[in-house]
Amino acid sequence: MFEETQTDNLKEEAPMRLYGGIDLHSNNNVIVILNENDETVYKKKHNNDLLEILPCLLPFREQLQGLVVESTYNWYWLVDGLRESGFQVHLANTAAIKQYEGLKYTDDQSDARWLAHILRLGVLPEGYIYPKEERSVRDLLRKRSQLVRQKTANVLSIQNLFTRNTGEGIQLKEIKKLTEEGLREQFADASLSLAIESNVVVFRCLEKQVKLLERTILGQVKLREDFIQLKTVDGIGDILALTIMLETGNIRRFDKPGNFASYCRCVGSRKISNGKRKGKGNAKNGNKYLAWAFVEAATFAVRHSEKIKRFYQRKKDKTNGMIAIKAVAHKLARACFHILRDQVKFDVAKAFG
């Protein structure tokens with residue numbers, strides 16, 4: 001009789017496991033904590049301030065099995081702060097989370113509760129928490145990519161203005177030589193001359209900043225040993241190799257080359273049922289920077305490798321140039337998976353037959 005009572009007391013004293021979800025917004029967040037029975041033990045809206053959030057969570061820290069934070073644009077401060085305070089943090093892959101569509105009403109509390117609920121069930125689709133020590137350099141490389149796109153947009157604008165008003169094209173090397181005086185001499189319309197001049201000024205400013213970022217990035221980080229072989233791939237130089245390294249992280253988080261290629265957005269998005277196409281999946285699911293890197297690498301590879309060029313030409317003859325480049329990018333992404341996982345050099349014959 002005594003043993004049964006002692007066992008019952010131990011069961012009562014055992015702390016109940018808890019699971020937390022945080023619905024994060026630009027200026028506030030909602031925290032919901034559930035117990036093993038899916039009962040709410042805490043729910044509250046907070047300002048985005050760790051000094052306000054941490055005192056409320058600390059009483060639950062020992063029982064919390066994890067806190068789920070949405071993978072929004074502004075999660076760095078919250079995830080880093082919670083981890084430094086001893087919490088087990090999970091980053092939710094919001095693109096892969098889907099609540100029951102029949103719900104008539106949802107709010108921030110129900111969203112936070114859902115995150116905690118699927119963590120408790122063990123079915124949370126997780127995002128990758130990128131190592132803090134390399135995050136700033138990766139984001140600097142992303143900034144370079146943004147400025148390159150803006151630079152290209154200004155070049156295209158100049159070319160369009162020239163073609164529209166003169167009937168002739170203009171090459172990039174000629175754009176770099178344009179001057180204010182030359183534009184005024186060529187175009188009698190002062191407004192047109194000013195429009196082109198504005199694009200030229202912005203283009204030059206962006207070009208200067210891109211070069212500055214490249215020097216800074218190359219001065220701050222070098223290719224790790226397991227990424228050096230990337231430069232054996234046709235079309236991949238320093239910047240693209242660094243982009244792939246910093247955006248990929250640990251290659252072991254991908255089980256198969258197809259998973260990595262999908263993360264790089266090099267896989268078509270289709271839903272097939274009974275041999276028939278039933279729509280598209282989330283085409284934007286994955287890493288847009290890796291998608292850009294492999295398309296860039298494919299473009300350069302077609303120029304520098306005869307074997308890859310022949311593969312591209314065969315695809316282009318059957319489809320079009322864009323699909324053909326994407327096919328090359330897909331091949332390169334799969335090849336890079338094996339290069340990184342097995343630490344081997346690029347073999348164009350294996351990759352492109």
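**Helix α11**

In α11, the buried residues are Tyr289, Leu290, Ala291, Ala293, Phe294, Ala297, Ala298, Ala301 and Val302. Buried means under 20% relative accessible area, exposed over 50%, and partly exposed in between (1.4 Å probe, protein chains only). Helices are DSSP runs (H or I, at least four residues), numbered from the N terminus.

This is a predicted model: local features need pLDDT of at least 70, side-chain atom pairs count only at pLDDT 80 or more, and totals for chains, interfaces and linings use all residues. Residues are numbered from 1 along each chain as its sequence is written, and side-chain values use heavy atoms, without hydrogens or water.

Start with length. α11 has 17 residues, so at 1.5 Å a residue it should span 24 Å. The expected span is 1.5 Å times one less than the number of residues. Its end C-alpha atoms are 25 Å apart, which agrees.

At the N-terminal end, Asn287 caps α11, with a side-chain oxygen 2.9 Å from the backbone nitrogen of Tyr289.

Now the packing. The cover over the buried residues of α11 includes α5, α9, α10, α12 and α13. Phe260 is in contact (heavy atoms within 4.5 Å) with Leu290 and Phe294, among others, leaving aside neighbours within four places in sequence.

Last, the open space. Trp292, Glu296, Thr299, Phe300 and Arg303 are among the residues lining the second largest pocket. The elements giving two or more residues to that lining are α5, α9 and α11.

Terms used: Polar contact = N/O pair within 3.5 Å; in protein donor to acceptor, adjacent residues only side chain to side chain. 1 Å grid on protein atoms, 1.4 Å probe; cavity = no way out; pocket = protein on both sides within 12 Å on 5 of 7 lines; lining within 4 Å.
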